[in-house]
Amino acid sequence: MEELNWVDLAAFCGYFVVLVAIGFLVGARQKRTSEEYFLAGRRLPWYVVGASFIGSNISTEHFIGMIGSVYIFGMCVATWEWGNIWTFSVLIWSFIPILLASRVFTAPEFLERRYNATCRLLFAVITVFANVTAFLSAVLYATGIGLKAMFKLPETVTISLGFGSFPVSTILLGAAGMGIIAGSYAIYGGLRSVAWTDVFQVVVMVVGGLLVTVLGLAYLGGGEGMVAGWRTMVARNLGRSGEWAAAVAAAAPKLPGEGHTSYNRLQIFQPMSHSLVPWPTILVGWISVGIWYNCANQLMIQRVLAAKNEWHARMGIVFAGFIKIFLPVITIIPGLIYFAIDPSITDPQQSDGIYPRMALLLVHVGIRGVLLAALFGAIQSTVDSVLNSTSTIISLDIYKKFIRPDVPEESLVRMGKWLGAIVLLISITLVPVIERIGKGVFVYIQDLYAYVAPPFAAVFLIGILWKRANAKGATVCIPSGIAFGVFLQRVVSVHWLARPLPFTLRSIFSWIFCVALLIVISLATRPPSPEKTGDDVTIDWHSLATFRNLGRPWYRNLGFWYLLFAGGIIACYLAFSGLFLR
């Protein structure tokens, strides 16, 4: 495996210079009001909304964590890309018209408009906690892993200060460095800097990720081209011979579960006993974590709230949907390629280092810098988005709402900047904790989401669709839903089932419990007041205004592009349904 040389490092460093320059130049505009700083003045066009939506979503969770999970589990991990068809549809046809009509700044603010201030506070506090512990710190940890693998750093380096010397983890140092770079322009320029740098970073991510896939298939082709490489990748992932057959056979009792003697790594629909993605989760798993993440999570919907108008917001999500069709080429296929190169890795933490290894193994001098820029572009786009959304929630939903309601606009903007710096510092200090947990990054993040997502997915979705849902039901549902998830994992899974319950199934059961609890309590108590069920917070089933203003002429029509997006996703599921690749 060749080392990085000065050309690679120059390309890598040049990327960050351009990125930071864009962030500061775009963010140099006056940001005296909270709407300018936190929502970019509500002037983002559809292509920025869609690109920033994807940029916020794609991170080391994908280039490090998802590719590592694909190496272990196979094609079924693609459901985290293609499965977005469900939540994107709900967002486009239900949530966006309501959210933009309400003119809210944050998702927690919407909960107050629909229910009460208690729900707003609960959502704000839990979102901040989840962003810092379950997401930002894990992303920064994966950043450190990538840097350590790329530069072949030792486990620790010794730092000498005036009062003595002590060892520091190189993973922690790498995480801190990347976090500070992303935090600089995100804190300075607010959402405008974050959104426009995301556009640049998504382009770099797609180009760099595609290079890894193309060169990986060429490597497997052994001089006979990419088509031959694809055939080799398919044959080895199906375990047709040699050490790949042994690796696939050894995985069968572990992944589908006891009693299984075979395992199709290229099939997206897996048995009910599968340890990660039992087949029902593909059909109904989106109603819990997916609804919360894509439709109610401030990290994602902040750019939707900042769109020029409803058409730009919805078309932006359709654009993001088309990118999701393509993303498995750069987030799934590399994991399959590396399995075809070396099937010997069994430790999830070791599999998290596959992308940097592929960049060093496959790519020639100079281009490696572009590939590594793609990896760290994914990191930066998520770090800046998490910082911006978290500081927005603390500033508006906690500080202004409950501590200092009369805070001047300029003071609120300054507060947002300081809070972003504090959130970044806390997340960096938590990196060693994530390192000691010992799970793959992707699984760690998704596992924690399965605890916090179901109650919020329930109160948002049911609250928008059903006018009878009231504040008492929602207030009880939120803490009870989280507690129920803990009960399923710590009691039902350990003492009743005597085996781990996949977090994908746990989140579905928790969501069903939350919906039932919300409905029962709402029906048993007084209905909500009229101002809590207006057309700006719930769907009017009589008019169905959501299907108006789709755009003219046909090539600007939202429905036309949505149907193309949906058709593409269906074709992808059919291709890897198990009917063709056996």
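A salt bridge is counted here when a side-chain nitrogen of Lys or Arg lies within 4 Å of a carboxyl oxygen of Asp or Glu. The model is predicted, so local features need pLDDT of at least 70 and side-chain atom pairs count only at pLDDT 80 or more, while totals for chains, interfaces and linings use all residues. Residues are numbered from 1 along each chain as its sequence is written, and side-chain values use heavy atoms, with hydrogens and water left out.

**Charged pairs**

Begin by selecting R506 and D447, whose side chains meet in a salt bridge at 3.0 Å, N to O. R506 lies in helix 25 (residues 503-524) and D447 in helix 23 (residues 441-465), so this pair ties together parts that are 59 residues apart in sequence; helices are DSSP runs of H or I with at least four residues, numbered from the N terminus. Both R506 and D447 are buried, a word that stands for under 20% relative accessible area, with exposed meaning over 50% and partly exposed in between (1.4 Å probe, protein chains only).

Next, select E81 and K324, which form a salt bridge at 2.8 Å, N to O. Because E81 belongs to helix 5 (residues 79-82) and K324 to helix 15 (residues 310-326), the pair ties together parts that are 243 residues apart in sequence. E81 is buried at 0% relative accessibility, and K324 is buried at 2%.

Then move to R43 and E36, where the salt bridge spans 2.9 Å, N to O. Here R43 is partly exposed at 37% relative accessibility, whereas E36 is buried at 16%. A search of the whole structure finds 13 salt bridges.

**Aromatic rings**

Now turn to the rings of Phe, Tyr and Trp (its six-membered ring), which pair if their centres lie within 6.5 Å and count as stacked with planes under 30 degrees apart, edge-to-face over 60 and tilted for the rest. The structure holds 32 aromatic pairs. One of them is the stacked pair of F110 and F460, at 5.9 Å centre to centre with 15 degrees between the planes. This pair links distant parts of the chain, with F110 in helix 7 (residues 107-114) and F460 in helix 23, 350 residues apart. Both F110 and F460 are buried.

Select F484 and F513 to see another stacked pair, at 4.1 Å centre to centre and 10 degrees between the planes. F484 lies in helix 24 (residues 471-497) and F513 in helix 25, so the pair ties together parts that are 29 residues apart in sequence.

Finish with the aromatic cluster that includes F53, F88, W93 and W561.

Conventions:
Helix = DSSP H or I, 4+ residues; strand = E, 2+ residues; numbered from the N terminus.
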